[in-house]
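Please consider the structure below with attention to one helix and to the pockets. The explanation begins with the helix and then turns to the open space.

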Amino acid sequence: MGRRHLRGYVELARVRPSFVELAAVVDVDRGRAEFVADEVEELLGRRPVSCTSIEDAKSERPELIAADIVTSAGSHHLVAVEAIEAGLHVLVEKPVAVTC
């Protein structure tokens with residue numbers, strides 16, 4: 001996960017507890033997903049589920065409503081489309097794609 005985004009969630013939890021929950025971490029590399037989920041638990045006190053796909057995350061946490069896309073710029077659009085097709089609201093930083 002983008003460290004800046006995680007720091008933002010930590011700050012949001014500090015000033016507005018229960019306003020947002022980081023419920024799932026998705027990475028195609030299961031080990032990375034687990035590592036980040038452990039880090040989230042350490043910083044926020046609650047461990048999100050760790051999954052290798054958005055589909056798995058939705059299955060594990062059907063109440064998910066949004067995704068924060070923090071992949072490398074070259075895959076922003078692929079992951080954003082997958083999240084949108086899964087019915088999630090999407091936060092994705094520019095660029096959405098590196099070429100047109």
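Helix H4 spans residues 76-85, and its buried residues are His76, Ala80 and Ala83; buried means under 20% relative accessible area, exposed over 50% (1.4 Å probe, protein chains only). Seen down the axis of H4, these buried residues fall within an arc of 65°, so they line one face of the helix; the arc is taken from the directions from the helix axis to the C-beta atoms. Leu78 and Glu85, on the other side of H4, are exposed. The cover over the buried residues includes helix H3 (54-60), strand E3 (66-69) and strand E4 (89-92), with contact meaning heavy atoms within 4.5 Å. Helices (H or I, at least four residues) and strands (E, at least two) are DSSP runs, numbered from the N terminus. Just after H4, Gly87 adopts a positive phi of about 85°.

This is a predicted model, in which local features need pLDDT of at least 70 and side-chain atom pairs count only at pLDDT 80 or more, while totals for chains, interfaces and linings use all residues. Residues are numbered from 1 along each chain as its sequence is written, and side-chain values use heavy atoms, with hydrogens and water left out.

The largest pocket holds about 1,000 Å³ of space. A pocket is an open set of points on a 1 Å grid over the protein atoms alone, where a 1.4 Å probe fits, with protein on both sides within 12 Å along at least five of seven lines; lining residues have an atom within 4 Å of a point. Of its 34 lining residues, Ala24, Val25, Val26, Ala67 and Asp68 are the closest to the centre of the largest pocket. E3 gives the largest share of this lining, four residues.

Technical notes:
Points joined across faces, edges and corners; volume = space filled by probe spheres on them.
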